[in-house]
Amino acid sequence: MDVKSTPRYLYWLFCQFELITCSYLMEPWEKVLFYSFNLAVLGLLLYTTYVCVAAHASSALQLLCSFLGNPRANALAVVK
């Protein structure tokens, strides 16, 4: 893909988004509210994903390291 055609492709994607969401029928103030709400939800989703995935990955890594670190102590802990 050319660098010159990138703006056209992005514009085409935006037009597809407007067609799918029927936002081309909205008035300008409705579009502002609609896009603001969508961007806020997307931002919150990305932030929550970043925070939760980091916390889950950290706890999973600690659990994995504890299993691999001292197998004899882990076996005794299971028996008790």
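Reply: Buried means under 20% relative accessible area, exposed means over 50%, and partly exposed lies in between (1.4 Å probe, protein chains only). The model is a predicted one, in which local features need pLDDT of at least 70 and side-chain atom pairs count only at pLDDT 80 or more, while totals for chains, interfaces and linings use all residues. Residues are numbered from 1 along each chain as its sequence is written, and side-chain values use heavy atoms, with hydrogens and water left out.

Me: How many helices and strands does the protein chain have?

Reply: Helices (H or I, at least four residues) and strands (E, at least two) are DSSP runs, numbered from the N terminus. Here the protein chain has three helices and zero strands, in the order α-α-α along the sequence. Of its 80 residues, 4% count as buried.

Me: What span should α1 have, and what is the distance between its end C-alpha atoms?

Reply: The expected span of a helix is 1.5 Å times one less than its number of residues. For the 16 residues of α1 this gives 22 Å, and the end C-alpha atoms are 22 Å apart, which agrees.

Me: Which side chains meet in a salt bridge?

Reply: Side chains of opposite charge can pair when their charged atoms come close. The term salt bridge requires a side-chain nitrogen of Lys or Arg within 4 Å of a carboxyl oxygen of Asp or Glu. The structure holds one salt bridge, between the side chains of E18 and K31, at 3.2 Å from N to O. Because E18 lies in helix α1 (residues 6-21) and K31 in helix α2, the pair ties together parts 13 residues apart in sequence. K31 is partly exposed, at 22% relative accessible area.

Me: Is S23 buried or exposed?

Reply: S23, in the loop between α1 and α2, is buried, with a relative accessible area of 0%. Contact means heavy atoms within 4.5 Å. Not counting residues up to four places away in sequence, S23 touches E18, K31, F34 and Y35.

Me: Which residues does the UniProt annotation "transmembrane region" cover?

Reply: Such annotations may be inferred rather than shown by experiment; positions are given in the numbering used here, with feature names shortened. In the unreviewed UniProt entry, the "transmembrane region" covers residues 32-53. Over residues 32-53 the chain is 100% helix and 0% strand, with end C-alpha atoms 31 Å apart.
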